[in-house]
Amino acid sequence: MMTALALAATAALSTETCLDHTSYTFGFADSRLRNVEILRDEPDGRSERGEYPDGTVVTLSADYCSEREVTLTMDARADAQNIMRLRQVFGQLDRFVSCPISDWNGFDAAMDAAGASLDAGDAYDNGGNPIDGDGVNAIYLSIGPTGERIAATIRCVRPID
């Protein structure tokens with residue numbers, strides 16, 4: 001009986017810490033994104049997808065009930081604009097969910113390394129370590145070629161309040 005009460009109390013506590021994502025959007029429709037689609041809209045999470053005019057597709061997801069993190073995926077054509085496009089998407093991530101870069105030198109080094117990897121036809125993930133983790137948030141990046149396109153995942157992990 002005590003175990004059941006402890007589990008119920010833990011479950012109640014964890015649901016009280018969830019943020020209700022149904023009360024707002026990431027603002028995709030207000031930006032240059034087209035074909036905006038809400039993929040998930042419920043009290044414990046939200047996910048939206050949109051497409052930039054150049055065909056780059058981004059999906060932004062937040063689920064604060066399991067971890068305090070936001071994940072942005074990017075699918076774009078592989079061309080000479082890869083890193084410029086990735087930098088722009090990082091800027092949009094900060095705009096959409098306030099995930100700022102704190103170490104610009106480290107960020108620039110990560111972008112250079114990611115670009116060199118893509119140019120060589122390889123993937124980049126910074127060895128699984130954050131590309132920016134000295135500030136408030138830890139930011140992870142993995143990117144790699146997928147045929148004629150590239151796929152990237154950016155995770156912004158926020159500290160627990």
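Mentor: Let's start with a pair of helices: H2 and H3 pack at an angle of about 140°, with their axes 9 Å apart. That angle makes H2 oblique to H3. Angles under 35 degrees count as roughly parallel, over 145 as roughly antiparallel, 65 to 115 as roughly perpendicular and the rest as oblique. One thing to keep in mind is that this is a predicted model, where local features need pLDDT of at least 70 and side-chain atom pairs count only at pLDDT 80 or more, while totals for chains, interfaces and linings use all residues. Residues are numbered from 1 along each chain as its sequence is written, and side-chain values use heavy atoms, with hydrogens and water left out.

Trainee: Is the crossing of H2 and H3 left-handed or right-handed?

Mentor: A crossing is left-handed if the near helix is turned anticlockwise from the far one by less than a right angle, and right-handed if clockwise. For H2 and H3 the crossing is right-handed.

Trainee: Which residues in H2 and H3 meet?

Mentor: Contact means heavy atoms within 4.5 Å. From H2 you have Asn82, Ile83, Leu86, Arg87 and Phe90, and they meet Phe107, Asp108, Met111, Ala114, Gly115 and Leu118 in H3.

Trainee: How many aromatic pairs does a search of the whole structure find?

Mentor: Rings of Phe, Tyr and Trp (its six-membered ring) pair if their centres lie within 6.5 Å; planes under 30 degrees apart count as stacked, over 60 as edge-to-face and the rest as tilted. Searching the whole structure turns up two aromatic pairs. One of them is Phe90 with Phe107, an edge-to-face pair at 5.0 Å centre to centre, with 85° between the planes. Phe90 lies in helix H2 (residues 82-97) and Phe107 in helix H3 (residues 104-119), so this pair ties together parts that are 17 residues apart in sequence.

Trainee: Why is the pair of Trp104 and Phe107 edge-to-face?

Mentor: The ring centres of Trp104 and Phe107 are 5.3 Å apart and their planes are at 85°, so that pair is edge-to-face. Trp104 and Phe107 both lie in helix H3, three residues apart, about one turn of the helix. Put together, ring pairs link Phe90, Trp104 and Phe107 into a cluster.

Trainee: Is Phe107 buried or exposed?

Mentor: Buried means under 20% relative accessible area, exposed over 50%, partly exposed in between (1.4 Å probe, protein chains only). Phe107 is buried, with a relative accessible area of 3%, and Phe90 is buried as well.

Trainee: Where does the charged end of Arg155 sit?

Mentor: A charge sits over a ring if NZ of Lys or CZ of Arg is within 6 Å of the ring centre and within 35 degrees of the ring normal. The charged end of Arg155 sits over the ring of Tyr140, 4.4 Å from its centre.

Trainee: Let's zoom out. What pattern does the protein chain follow along the sequence?

Mentor: The chain has three helices and six strands, and reading along the sequence gives α-β-β-β-β-α-α-β-β. Of its 161 residues, 36% count as buried.

Trainee: Which residues is Thr59 in contact with?

Mentor: Thr59 lies in strand E3 (residues 57-62) and is buried, with a relative accessible area of 14%. Leaving aside neighbours within four places in sequence, Thr59 is in contact with Leu39, Ser47, Glu48, Arg49, Thr71, Leu72 and Thr73. The C-alpha atoms of Thr59 and Ser47 are separated by 6.9 Å, though these residues are 12 apart along the chain.

How values were computed. Helix = DSSP H or I, 4+ residues; strand = E, 2+ residues; numbered from the N terminus. Axes fitted to C-alpha atoms, helices over the stretch in contact; angles between N-to-C directions.
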